[in-house]
Amino acid sequence: MKINENFLKLQSSYLFSTIGQKVRAYQAAHPRADIIRLGIGDVTRPLPAASIAALHAAVDDMSRAETFKGYPTDCGITFLEEAIQADYAARGVSLDIGEIFLSDGAKSDSGNIGDIFAEDNLVAVCDPIYPVYVDTNVMGGRAGNLMANGRWSGFVYLSCGEESDFLPALPESRADLVYLCSPNNPTGMAMNAAQLKAWVDWANEQGSILLYDGAYEAFITEDLPRSIYEIPGAKTCAIEFRSFSKTAGFTGVRCAYTVVPRELMAGGTSVNALWARRQATKFNGVSYITQRGAEATFTPGGRAQVRDTIQYYLRNAGVIKAGLEAAGFRVWGGVNSPYVWFKAREGLSSWELFDLLLEEVQVVGTPGSGFGPSGEGYFRLTGFGTAERTAEAVERISRRFAL
Ligand code: MLT
């Protein structure tokens, strides 16, 4: 018996688990501490009223033999895929139902997608980036070893620092699978159409596949693409992940979807067919009840409620951004994104700032170095808190740490 030794290469704890442990330990030692949590990007606003009504009705459907549903994948239910299809169509993107795969989360899908690709593919990631892309490929055997500089051998790292507003440059060498996330987690920066077009053209020329994480597309307020498929040529080179989590408050309900176009081929094989085979074998679909709740976000009422909630979080992000800037910090994101990324005081590491914020002002954020070694010295706060607590956190940080 042997374990998958790739797991041993990883740090024993996932970034957000480590943060959770530290915060729980602090709270246990200081039971009266009034902690404000702006660390993990978890939502705080309730589900849209339209979803709540649909969820209740779906529960009632499950109580009657005539409307009861069993395995979602075997029931021929397609109403949510149809709503998603119509949503894409409204942005000028035409998809067929078989290109839309429902799931329980963009995190699961962006991690699981590696199942259908060979172990010796070269994977390109930004640094800093959402740690799931790196960790899951390490688990899948696509990385060598963690090097002294905090990066993994065997990965291609895309240059994306302050000088390019944290947006990734095209790789100078071969890369088979490229993770892109826009609006970006953690930096909050979003790519424009010209930048995405350069990626699509490059991927089509190279025969590479873009794994495009659009989990935060609903936060785009400026005139930027909301989907990679708005870029001509993307269907032959890109897979797109989307989620209801941050869009409609489904972090606790779980519902997402991944688009794998039929035109997407790899070595003469349909990637869509491989993903369909993988999902049919390892996943039993999204529950009927959940699907009804998600479908309701596409109704006129649901859309308006989702828009209000997104605006609420964007206002919070704006408050954080403005407050930190006024306190002398250099700040990115927070405009087309719920995430605000800022530079810590010179000489202070990300984890040192994490400890200072927790111990001195009881504000929890996410250390930039948790997203990769180039995140060292930076810090992320989220706009997903309540308006009152967000304003309070900014006030506490500014009072104590203004530069
Ligand atoms: C984050 O804080 O980066 C996200 O909440 C993590 C996730 O969505 O899994």
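Predicted model: local features only at pLDDT ≥ 70, side-chain atom pairs only at ≥ 80, totals over all residues.
Local features need pLDDT of at least 70 and side-chain atom pairs count only at pLDDT 80 or more, while totals for chains, interfaces and linings use all residues. Residues are numbered from 1 along each chain as its sequence is written, and side-chain values use heavy atoms, leaving out hydrogens and water.

Student: What share of the residues in the protein chain is buried?

Tutor: Buried residues, meaning those under 20% relative accessible area with a 1.4 Å probe and protein chains only, make up 54% of the 403 residues.

Student: Why are α4 and α10 called roughly parallel?

Tutor: The axes, lines fitted to C-alpha atoms over the stretch in contact, with angles from 0 to 180 degrees between N-to-C directions, cross at roughly 25 degrees and come within 9 Å for helix α4 (residues 79-90) and helix α10 (residues 288-295). Angles under 35 degrees count as roughly parallel, and α4 and α10 are therefore described in that way.

Student: Which residues make the contact between α4 and α10?

Tutor: With contact meaning heavy atoms within 4.5 Å, the residues are Phe79, Leu80, Glu81 and Ala83 of α4, and Tyr288, Gln291, Arg292, Ala294 and Glu295 of α10.

Methods:
Helix = DSSP H or I, 4+ residues; strand = E, 2+ residues; numbered from the N terminus. Parallel < 35°, antiparallel > 145°, perpendicular 65-115°, else oblique. Buried < 20%, exposed > 50% of the residue type's maximum accessible area, 1.4 Å probe, protein only.
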